[in-house]
Amino acid sequence: MSADGAWTLVESHFGLGWVPSADIARADAGLRRTWEIGHYVAMTKDNQSAIDDQGRFLFRVGVGQILPLCSRGADHYRVWVAVADENRGAHLKEISLPLQAVVRKPLAFTMNHIAGVINQFMGQPYGWGGLYGNRDCSSTLKDLFVPFGIWLPRNSFHQAHGVGKFVPFEDLSTKDKTRKILVEGSPLLPLLWSPGHIALYLGEYAGQPMVFHNLWGIRTRDGWGREGRKVIGHAAITGVHPGAELCQFDPTYGDLLNRIEGMALLVSPDSGQQPLPDR
């Protein structure tokens, strides 16, 4: 806490930073025990309103959040949320969330379920480091895997090198990189990493790897050699050469595949595990 008590240093799985002390509510041991019951639901819809039983808006909830489960009704789950009292003490409030927006955690890792969560992110604006409450490349993938009970670190480097097996692409040509991704990567499980960026490998289309990622833009270079950007600024499904059709495309620094330095396999290729087909 700062000397005047106005600010509190907060560390979480998501980040570290100073928060106004007036925005913090302190949880006692009883609340923490209730919160750690081990039975949870996970959000599968984004930008949902948490509303109490008196119809008062509390805050927004979305994909990437988990909440302790109380019970299930015909069309809703009853869950605990934490709210602050007038003395900045945290206490629990029971609210309802519709079944269409939340699932019992973990959600089965099937093709349709993964596609459903990805669809929540499509077109969402890019926000470096969470700027304006938006996601960047690594927070998009982190939140994507939460409903399935798969935890990823916040930073793209640690996602690639701290989870699963990292397969380096050192000294490989773009043709060899393509072959390695297609041969060794099971769709929806490998993360493709370049310094400062990360994407999820979806599978093959027309002989090329396809990826889901949240990206800011594509480097360009004009006839005078001046560097520029073609801004995309949102989550999208692309190939590994996004922007190659641009007349000022920079194949050296603007090509995603050229910059990819490795692949993180979330599941060992020898395990035989892969997303389940939907029946």
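Predicted model: local features only at pLDDT ≥ 70, side-chain atom pairs only at ≥ 80, totals over all residues.

Trainee: G5 first. What does G5 count as, buried, partly exposed or exposed?
Mentor: Partly exposed, at 24% relative accessibility.

Trainee: Where does G5 lie?
Mentor: In the segment before β1.

Trainee: And how far is the C-alpha of G5 from that of S21?
Mentor: 6.9 Å. The two residues are 16 apart along the chain.

Trainee: Next, W7. Where is W7 placed?
Mentor: In strand β1. W7 is partly exposed, with a relative accessible area of 41%.

Trainee: Which residues form the nonpolar patch on the surface?
Mentor: W7, L9, L16 and W18. Together they have about 470 Å² of accessible area.

Trainee: Which elements give two or more residues to that patch?
Mentor: β1, residues 7-11, and β2, residues 16-20.

Trainee: Switching to the open sheet. What is its strand order?
Mentor: β8-β7-β6-β3-β9, 5 strands with antiparallel pairing.

Trainee: Which strands stand at the edges?
Mentor: β8 (90-98) and β9 (102-104). Each has a single partner strand, so one side of each has no neighbour in the sheet.

Trainee: How much are neighbouring strands turned against each other?
Mentor: By 45° on average, ignoring direction.

Trainee: Take me through the pairs. How many bridges are there between β7 and β8?
Mentor: 9, and the strands run antiparallel. In that pair, W80 stands opposite E94 in β8. The hairpin of β7 and β8 has 5 residues between the strands, and R88 takes a positive phi near 60° there.

Trainee: What about β6 and β7?
Mentor: β6 covers residues 66-72 and β7 covers 76-84, and 3 antiparallel bridges pair them. They form a hairpin too, with 3 residues between the strands. L69 has V79 in β7 as its bridge partner.

Trainee: And which strand pairs with β9 over 3 bridges?
Mentor: β3, residues 40-43, in the antiparallel sense. M43 stands opposite V102 in β9.

Trainee: Last topic, cysteines. How many disulfides does the structure hold?
Mentor: 0.

Trainee: Is C137 buried or exposed?
Mentor: Buried, because its relative accessible area is 4%.

Trainee: And C247, buried or exposed?
Mentor: Exposed, at 81% relative accessibility. The cut-off for exposed is over 50%, so C247 falls in that class.

Note on methods:
Residues numbered from 1 in each chain as written. Heavy atoms only, no water. Disulfide = S-S within 2.5 Å. Buried < 20%, exposed > 50% of the residue type's maximum accessible area, 1.4 Å probe, protein only. Patch = residues over 30% accessible without salt bridge, like charges linked within 9 Å, V, L, I, M, F, W, Y side chains within 5 Å. Areas by Shrake-Rupley, 256 points an atom, 1.4 Å probe, with all protein chains shown as cover. Salt bridge = Lys/Arg side-chain N within 4 Å of Asp/Glu carboxyl O. Helix = DSSP H or I, 4+ residues; strand = E, 2+ residues; numbered from the N terminus. Pairing = 2+ DSSP bridges. Axes fitted to C-alpha atoms, helices over the stretch in contact; angles between N-to-C directions.
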